[in-house]
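Some terms used for a structure rest on cut-offs. The questions below ask what stands behind them.

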Protein chains: 4
Amino acid sequence: MSDLLGVAVLGAGHMGADHVRRIDRAVSGARVAAVADPDSARAEAAAAGIDGVSLHTDALAALAAPGVDAVLIASPGPAHEEALLAAFARGLPVLCEKPLTPDSAGALRVVEAEAGAGRRLVQVGFMRRYDAEYVRLKALLDSGRLGRPLMLHCTHRNVSSPAGFTSAMMINSSVSHEIDAGRWLLDQEITAVSVLRPRPSAGAPEGLLDPQLVLFETSGGAVVDVEIFVNCGFGYQVRCEAVCEAGSARIGEGRTMVVETDGSAREEVPQDYLVRFADAYDREIQAWVDATRGGLVAGPSAWDGYAASAVAEAGVRAQETGGRVAVELGRRPSLYG
Amino acid sequence: MSDLLGVAVLGAGHMGADHVRRIDRAVSGARVAAVADPDSARAEAAAAGIDGVSLHTDALAALAAPGVDAVLIASPGPAHEEALLAAFARGLPVLCEKPLTPDSAGALRVVEAEAGAGRRLVQVGFMRRYDAEYVRLKALLDSGRLGRPLMLHCTHRNVSSPAGFTSAMMINSSVSHEIDAGRWLLDQEITAVSVLRPRPSAGAPEGLLDPQLVLFETSGGAVVDVEIFVNCGFGYQVRCEAVCEAGSARIGEGRTMVVETDGSAREEVPQDYLVRFADAYDREIQAWVDATRGGLVAGPSAWDGYAASAVAEAGVRAQETGGRVAVELGRRPSLYG
Amino acid sequence: MSDLLGVAVLGAGHMGADHVRRIDRAVSGARVAAVADPDSARAEAAAAGIDGVSLHTDALAALAAPGVDAVLIASPGPAHEEALLAAFARGLPVLCEKPLTPDSAGALRVVEAEAGAGRRLVQVGFMRRYDAEYVRLKALLDSGRLGRPLMLHCTHRNVSSPAGFTSAMMINSSVSHEIDAGRWLLDQEITAVSVLRPRPSAGAPEGLLDPQLVLFETSGGAVVDVEIFVNCGFGYQVRCEAVCEAGSARIGEGRTMVVETDGSAREEVPQDYLVRFADAYDREIQAWVDATRGGLVAGPSAWDGYAASAVAEAGVRAQETGGRVAVELGRRPSLYG
Amino acid sequence: MSDLLGVAVLGAGHMGADHVRRIDRAVSGARVAAVADPDSARAEAAAAGIDGVSLHTDALAALAAPGVDAVLIASPGPAHEEALLAAFARGLPVLCEKPLTPDSAGALRVVEAEAGAGRRLVQVGFMRRYDAEYVRLKALLDSGRLGRPLMLHCTHRNVSSPAGFTSAMMINSSVSHEIDAGRWLLDQEITAVSVLRPRPSAGAPEGLLDPQLVLFETSGGAVVDVEIFVNCGFGYQVRCEAVCEAGSARIGEGRTMVVETDGSAREEVPQDYLVRFADAYDREIQAWVDATRGGLVAGPSAWDGYAASAVAEAGVRAQETGGRVAVELGRRPSLYG
């Protein structure tokens, strides 16, 4: 293997800069060919020390830069649609960070554009599908050894939420991971969402309905419940239990090192998703690079991005009322099987 | 300590006979004074080998038998109300197996009769309050170390359901334990119930909506979710996670013996509630005997029995519709604090 | 069941008083008939509130008191031999706290006296055989499902040692539990002992070689290693892993309640053997009462007490040298099968 | 970052071919420049599809090939010394798979050659130092939070041993990992070895003393016990508990996915070290590439390789006698700090 895949990274913020570093130093088979950010200092900082990279303030210019074979979109959500359509026009494969677009209408336009192109070009950044534990759970469910899945019990906790984090973002930005993971694990669409809102924790910022219990019903008759608690105070936890006809499987239970001292046996709870899912991010990018070099597009599709977006919109409406909202999806183009 | 408490046991079926054995052989400070069952052979079998016990086909006659200081009601639910009122009339303290009565209207009459007597006479058989793990969880919540509880996630699984078990019994007979445990752990009343009904497991008998997800809202703004799955096939499991403002606590996680063989590390999952909760039953009866000998009535009250009954009734209605039903409780007599 | 077994308790110190309370209040089928202690105030305090009990400063007088059917010896070790022989002379069954006698020569005299009487009269207080987890491990090993046991890895930790605790007592008083548990689990005699002495912990009192690693070789070719650490500082822990030809089984791993807070998931480590083994003590006394009322003597025998004593003596010699000492047992009377 | 480190891989067997693949496809910043194996077909197969690689049957020729900046030695142990000295002569940094050399005399010659060169050139392939759990344990011990380590309890199990595996190889090839890990975790030399040999398992091949209990004493007064069991039948397990003055820490306890079915809760036990330590191998090679590109040599040194070899030799002698053998190390050159 020799020719490295030249990647244009759009957006050099926290996530974009991390992907630049990943492609340069951790991922085999790819190189950073271009970095774009409206803030040129930020692009320059992210690309420091990398040979042969071009810097851009305009994302579309980066797509046209020499040596660009593929695009990684890590810019803010509102910029995604234009960048995706431009990449499609050039026939460039894309890895697009979630959300695909800020709303489901935009996501549907992306789906239709890709379907019009007649081949898959975009992989959406739902990186849980690359986490070793999720991969094992998915393989177990697909094996049929536990029978049909009946319920998923999910826990999603953060130590604390960043400033400006809203109740709607608890669905859009946090639970969107469980929306995709649930659809992927079950291989079913979500048909309705309900939200229960306990009296908020004393640790929640004024005005944030934290925690919440989000309930999904699916096309195959399964039920998914998600505890989303973004100010739990004690750690970053992502757990999932799949209750099936012939047994149950749980991931996210920890236990890498047990320390016994001061009257208790402790296991460390990770404080950050970058710690918990570091390997998953590496694997995600590596898988995309490998597939792209082989002329393939695999992984979460634009349809997956659209479906997550449509469910999240219904979730936000359910959250506002504390009730149940049905989810209506558009027609699924044949491209997405 | 010397004079043994003479107990009349009403009902000599599975549970009644087990209590006769427990009082005779496991519990200190009490003796079986009388056993009543409409089926005299059953009473005789249960009391075999016990000196000085009188046998009765009529429950009320047993209450009047010589040496009876207290009553343990283990007869079928429809017989409870008459026995309770008769015991109250004689001033006899009672341990009454759950349900207090088959419906909340009867339970309310018992509450009012006891309130009219002006002192507590009845303890209801919610034995989870005597399980060592529940006791530790309750103590932790009451200590305030984890802040206010926000949610309880409960799992209640049986290997398989007995013949004739109905969807309503999943609430009345099974989830009723979580109803009481939730009220007790949170020290709050339940104000509404919702039920989600996934597509039934292939392992569920024809017509049984198994599993279900039951959701309780409480007077203090907490949310309780209960997975009830009475044909899970692999074990008897009772788990509870209390999610609080400053942390989370889980019980029912097992791990008494880990066996590693054939490529896996296994922990046995108990197959039966009598195994999982054997010590709790012993402790419950011992606590009642000790309190009664000291002239006290403690433990779950008739009000607790009534509240559980009213919530279960609302739960069955929610189950029928797949929706949400509010719970209305009668006025709480001052006797119940 | 009606006539209660009248028990004379010899010794009203910490353990004796606890057994008086246990027989009076927790154990079914027995009553405290007599209490003996050279310190009459101590006997009086232990027996307070119990009807029909006689108090004695002389142990032998207690054996002759009216209503005494059996004897529980909880006096200091040097008083055991005389009390045992006196009980044998009266044909009274005995539960004798460990050690059977302070040295193996005395234990062998007890064995010979009992063998001379031609029937078993004494059960030795090795209460681990009544712990639920040990019972499950023993049953698993006896089932043969894991093949022949090859090694036992044992951990025995105390928070801190009482004043005056010596290195020899680490073997005599602490490891003696593993000596009996190892012999019982493997159904083999111990043939040699070695002791490794790491540089003592900063937390060990001046002069105490704490921790130590004690190694046993057995008649069936198994190896048992025991970490004994009586000033570990963080808890009371008793763990045992049996490594067998077809798998491994571990007990003592905890996990009754998991608390997640402050960046870690914690399980409480018990601080005291009375907490960890409370149920085992209850079960031990109850089993002895039940057997005795049925005219049987079961449980750990005088031979077990003698063998433990002989191994402990060899262990103390091995400890002094840091080397290996062979264990020589006397001839086993046919009474002990 | 741009110029890739050109690596000559000596040996294209199981491990060598895996490293070729790793450098080509998983590790960033390096390329395979040359592959050498006496069996040219094997070299060819390993290098298939890699551009710009030269193939050699002679290891020394590979060192002289164009584009070679560094050497990875994965040839059989007897070939190591010559290759190491040749690489030293060319000033090439080396990653040498364990053992450094087949015996401690050869290892000492390598140490002296490197010391004569005046700078570190070789890193030995003790890859446990790169395993995430070991790294966390090492960091905890170095932090001093648990006080001084007193004992290490280690478990090292394989499903079954390959044909021709001898008792001596249980020390040389298997326990050598614990020898290095123990020295590294404790930062102490090993001063004596004892071996206890239980009666072999029925699952052990004729003539193999499997399992064994290996005991190390260290220069700082710690004790390390290692269960080595290469035909345990049920999985590949590497566990380590560090018992310290203020607490204990355990790694290797598993728990990535818990499956509950058929009456038990199971966690998968990995069957192979390539599964358990896959990430550690990746991290090891990546760390070596990164250091080498930066002109540094870090990681396990030739001295570590020599010490492991000397301890293993003493271990084999202890194994032959079932007794204790002291370890004498040569003088440590100042290069190794």
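Q: What makes strand β11 (residues 237-244) of chain C mostly covered?
A: Eight of the eight residues of β11(C) are buried, where buried means under 20% relative accessible area, exposed over 50% and partly exposed in between, with a 1.4 Å probe and protein chains only. Strands (E, at least two residues) and helices (H or I, at least four) are DSSP runs, numbered from the N terminus.

This is a predicted model, in which local features need pLDDT of at least 70 and side-chain atom pairs count only at pLDDT 80 or more, while totals for chains, interfaces and linings use all residues. Residues are numbered from 1 along each chain as its sequence is written, chains are lettered from A and ligands numbered from 1 in the order in which they are written, and side-chain values use heavy atoms, with hydrogens and water left out.

Q: How do you know that both faces of β11(C) are covered?
A: In a regular strand the side chains alternate between the two faces of the sheet. Gln237(C), Arg239(C), Glu241(C) and Val243(C) on one side are buried, as are Val238(C), Cys240(C), Ala242(C) and Cys244(C) on the other.

Q: Why is β11(C) said to pair with strand β7 (residues 149-157) of chain C?
A: Two strands pair if DSSP finds at least two bridges between them, and these antiparallel strands have eight. His156(C) stands opposite Val238(C).

Q: Which residues of helix α4 (residues 80-90) of chain A are buried?
A: They are His80(A), Glu81(A), Ala83(A), Leu84(A), Ala86(A), Ala87(A) and Phe88(A).
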